[in-house]
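Here is a briefing on one protein model. Look over the sequence and the coordinates before reading the points below.

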Amino acid sequence: MHDGIDTKLIVAKFAMHGYNIHPSAVEVLKKNVNPQNIDFVISRICKLVNSFIITPEDILSVLETIREFEKKTKEKAKTQMPKDKSYTSSRIKIRDVTGKSSCEGSIEDFIAYFNSRFEKLSKILRRRIRPTPISTLHRLNGEQVEVIGIVNSVRETQNSAIIELEDKTGIVNVIATDKLKDLALELLGDEVIGVIGTVRGKNIIADRIIFPDIPMKDRANLDFGVVFISDTHFGSKEFLQKEWDMFTDWLNGELGEGRVAELAEKVRYVVIAGDIVEGVGIYPEQEKDLAILDIYEQYEFAAEQLDKIPNDIKIVLSVGNHDAIRQAEPQPALPKEYQSLFSNNVIHVGNPAYVELDGLKVLIYHGRSLDDVITKIPRLSYERPHEAMIELLKRRHLSPRYGERSPIAPEREDWLVIDEIPDVLHCGHVHTYSVGVYRGVFLINSSTWQSQTEFQRKINLNPMPGNVAVYYSGEIARLKFYNEN
């Protein structure tokens with residue numbers, strides 16, 4: 001039995017489709033369906049069953065239909081050649097959690113997860129400092145020491161900030177004053193840092209706080225184009241169809257002139273950083289914003305829209321919190337049931353994903369943790385999310401704070417550590433276009449293809465839709481397909 005499926009959630013999802021489900025039918029679902037496939041299965045059941053109350057027999061019948069469909073899809077895939085025969089897998093390298101997840105949510109998983117985080121990040125810091133184990137500090141009163149630890153908490157006093165820092169041997173309070181106090185108060189918690197300071201009794205008086213950070217690198221300079229977009233939200237009433245068609249017309253060479261038209265000819269890849277569809281049951285009263293109520297049909301529509309992109313352009317499709325996949329990060333790629341809807345030029349990856357495109361190293365991360373970073377650090381804003389992305393690079397972690405708005409699955413390896421320096425860090429999620437460069441890494445927070453929803457209006461979120469970032473020859477160009485007037 002898949003205990004990860006919540007009974008009340010299943011009942012609510014059926015209710016959104018206008019159906020009731022018998023309690024015994026719920027148990028059949030929980031026994032036979034993987035949690036990550038639940039939205040797909042529910043949508044199929046509601047589409048294929050006519051009765052108002054879903055019975056166990058209805059469930060079993062639809063599950064058999066799905067199995068037959070999967071069998072036929074696999075047989076078809078064996079005989080179907082890719083539409084673009086010039087494509088070979090050697091041109092694209094992918095590293096993500098898809099097919100490698102082993103998380104069960106046990107105490108052992110949590111211990112292994114934080115040990116992995118600590119080991120990966122402390123290894124980076126040990127290139128710059130020589131840490132003393134915290135348990136031995138009591139012997140070094142009055143001496144200058146270097147330590148590495150994970151931040152348990154930060155609290156502010158009148159003249160200082162006190163950081164509770166922990167390594168595998170013990171816990172110590174680090175006292176940060178003056179300018180270091182401001183830096184300490186920007187710590188998110190759960191990140192791994194280095195501290196240089198003097199031991200005073202049971203505390204360390206900090207002289208320096210050191211982040212893992214990234215080294216300086218040369219900007220990538222490759223002679224092909226990569227388009228970066230995100231948050232297409234296919235299936236939403238606010239999806240910008242006209243603007244999307246203008247975008248795909250441009251990629252097809254049917255819109256634009258001069259340098260803009262020449263840029264379209266250079267495009268080899270389109271990278272999408274999640275929230276492919278609008279989803280179902282993501283926020284209160286979302287059904288009022290849905291043009292397509294069925295999650296499967298949303299992905300059918302998504303596949304139709306991506307088919308408008310020329311087939312010789314490869315589409316790298318990641319996922320986000322609106323997609324039909326587990327909410328906890330790292331997220332695997334879409335389930336096969338949805339992948340089968342898309343053409344062969346679509347490459348499915350998880351979130352986050354390292355993708356190397358003909359030598360261009362791209363780290364794709366949907367960006368849910370940006371909410372935590374922006375709300376924690378007052379100088380940051382949703383209008384300039386690339387500045388929050390800099391904080392992720394400094395910390396060498398895509399979601400430093402555990403247990404806030406960004407749910408994290410306690411995998412035995414921390415897939416969110418930035419252990420390989422990308423040429424491009426590509427995020428979305430906040431529906432705002434924002435780009436920058438940090439130590440040679442291009443930062444792209446790509447735009448959305450959804451105008452403001454009623455829910456966004458209520459929380460004062462003003463999207464910046466229809467903006468497209470295009471990498472070419474070491475520069476980022478911005479194209480606008482949405483007229484704000």
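Two strands pair if DSSP finds at least two bridges between them. Helices (H or I, at least four residues) and strands (E, at least two) are DSSP runs, numbered from the N terminus. The model is predicted: local features need pLDDT of at least 70, side-chain atom pairs count only at pLDDT 80 or more, and totals for chains, interfaces and linings use all residues. Residues are numbered from 1 along each chain as its sequence is written, and side-chain values use heavy atoms, with hydrogens and water left out.

**Confidence**

- Mean pLDDT (the predictor's confidence in each residue, from 0 to 100) is 89 for the protein, and 93% of the residues score at least 70.
- Strand β15 (residues 424–427) has the highest confidence, at 98, and helix α4 (residues 56–79) the lowest, at a mean of 67.
- Residues 76–90 stay under 50 in pLDDT; the model has 13 contacts (heavy atoms within 4.5 Å) for them beyond four places in sequence.
- Where pLDDT is low, the predicted coordinates should not be read in detail.

**The sheet around β18**

- Six strands form an open sheet with mixed pairing, in the order β12-β11-β10-β9-β18-β19.
- β12 (346–348) and β19 are the edge strands, each with a single partner strand, so one side of each has no neighbour in the sheet.
- From one strand to the next, the twist averages 25 degrees.
- Strand β18 (residues 467–472) has 5 of its 6 residues buried (under 20% relative accessible area, with exposed over 50%, partly exposed in between, 1.4 Å probe, protein chains only), so the rest of the structure largely encloses β18.
- β18 runs antiparallel to strand β9 (residues 225–229), joined by 4 bridges.
- Valine 226 has tyrosine 471 in β18 as its bridge partner, and valine 227 stands opposite valine 470.
- β18 also runs antiparallel to strand β19 (residues 475–480), through 6 bridges; one of the pairs is valine 468 with leucine 479.
- β18 and β19 make a hairpin with 2 residues between them, and serine 473 in the turn has a positive phi of about 55 degrees.

**Helix packing**

- Helix α7 (residues 241–251) lies across β9, β10 (267–272), β18 and β19, at about 170 degrees to β9. Axes are lines fitted to C-alpha atoms, for helices over the stretch in contact, and angles run from 0 to 180 degrees between N-to-C directions.
- Helix α3 (residues 38–48) packs on helix α9 (residues 295–306) at about 105 degrees, with axes 7 Å apart.
- α3 is therefore roughly perpendicular to α9 (65 to 115 degrees; under 35 is roughly parallel, over 145 roughly antiparallel, the rest oblique).
- Among the α3 residues that meet α9 are Asp39, Arg44 and Lys47; the α9 side includes Tyr296 and Glu300.
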